[in-house]
Amino acid sequence: MANEAGTLLGFLDFLRATIERKTDGLSDDQLHAKPLPSSMSLGGLLQHLAYVEDFWFGCVLNGEAPSAPWDTIDWKQTPDWEWDTALSTSGDALRDSWDRSIESSRGHWVRLSTLAGFELGDPAVLPGSSESVSVRWVLTHMVEEYGRHCGHADLLREAIDGATGE
């Protein structure tokens, strides 16, 4: 039986795999498509999730500065940068960026979770703030973030080519 962290990470990996299935086999045009009355595209979703991985695992849990390209973005000036620029980024580049961000997140997790005295209740400070959340909160938030976006991906993929299911 998995411990609490293993359970949360297992659900997160299941949801990551769902996003991979929902974006698999689509052309650049299909990844850029906005088939619903929404600003979302599946490509934008991949790029957004790459950013989310970097922010929560790298910045919040490990206290690192944002990775490229996130480190050069003026988020106040362009709050939807990851969604907007995905429309001019190739599908291969979007998938590679997302894959790399997941591998980086896994590395961040290993470094953090093997520290002496590590506990899921340990605080994680939010960048640019004195506010903190627990490591448990971050993992739970990541499951929630992916779960919500898997629902979006379901609708977008069905609208693009009729594909349904997990």
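In the predicted model, helix H1 meets helix H3 through Leu12, Arg16, Ile19, Lys22 and Thr23. The H3 side of this contact consists of Leu42, Leu45, Leu46, Leu49, Glu53 and Phe57. Sorted by class, the contact of H1 with H3 has seven nonpolar residues, one polar residue and three charged residues. The axes of H1 and H3 come within 10 Å. They cross at roughly 155°. This angle is over 145 degrees, so H1 is roughly antiparallel to H3. The crossing of H1 and H3 is left-handed.

Helix H1 also packs against helix H6. H1 spans residues 4-23, and H6 spans residues 135-161. Their axes come within 9 Å and cross at roughly 20°. The angle is under 35 degrees, so H1 runs roughly parallel to H6. The crossing of H1 and H6 is left-handed. From H1, the contact draws on Glu4, Leu8, Leu9, Phe11, Leu12, Leu15, Arg16, Thr18, Ile19, Arg21, Lys22 and Thr23. From H6 come Arg136, Leu139, Thr140, Met142, Val143, Tyr146, Gly147, His149, Cys150, Ala153, Asp154 and Arg157. The contact of H1 with H6 comprises twelve nonpolar, five polar and seven charged residues.

A further contact of H1 is with helix H5. The axes of H1 and H5 come within 12 Å, with a crossing angle of roughly 175°. That value makes H1 roughly antiparallel to H5. Ala5, Leu9, Asp13, Arg16, Ile19, Glu20 and Thr23 form the H1 side. They meet Arg95, Trp98, Ile102, Ser105, Arg106 and Trp109 of H5. By class, six residues of the contact of H1 with H5 are nonpolar, two are polar and five are charged. Ile19 of H1 takes part in the contact with H3, in the contact with H6 and in the contact with H5. Arg16 is likewise listed in the contacts with H3, H6 and H5.

The largest nonpolar core has 42 residues. Within this core, Ile19, Leu61, Trp98, Trp109 and Tyr146 touch the most other members. H1, H3 (42-60), H5 (91-113) and H6 each give two or more residues to the core. H3 gives the most, with ten residues. In soluble globular proteins, nonpolar side chains tend to be buried together.

Two residues, Leu61 and Val138, illustrate the packing in more detail. Setting aside residues up to four places away in sequence, Leu61 touches Trp56, Trp109, Leu112, Ala124, Val135 and Val138. Val138 lies in H6. Its relative accessible area is 0%. This is under 20%, so Val138 is buried. With residues up to four places away in sequence again excluded, Val138 touches Trp56, Val60, Leu61, Ala124 and Val133. Along the chain, Val138 and Ala153 are 15 residues apart. Their C-alpha atoms are separated by 22 Å.

One feature of the backbone concerns the peptide bond between Ala68 and Pro69. This bond is cis, with omega about 0°. Most peptide bonds are trans. Pro69 is placed in the loop between H3 and helix H4 (81-85).

Terms used. Residues numbered from 1 in each chain as written. Predicted model: local features only at pLDDT ≥ 70, side-chain atom pairs only at ≥ 80, totals over all residues. Heavy atoms only, no water. Axes fitted to C-alpha atoms, helices over the stretch in contact; angles between N-to-C directions. Helix = DSSP H or I, 4+ residues; strand = E, 2+ residues; numbered from the N terminus. Parallel < 35°, antiparallel > 145°, perpendicular 65-115°, else oblique. Left-handed = near helix turned anticlockwise from the far one by under 90°. Contact = heavy atoms within 4.5 Å. Nonpolar A, V, L, I, M, F, W, Y, C, P; charged D, E, K, R; others polar. Core = buried A, V, L, I, M, F, W, Y, C linked by side-chain atoms within 4.5 Å. Buried < 20%, exposed > 50% of the residue type's maximum accessible area, 1.4 Å probe, protein only.
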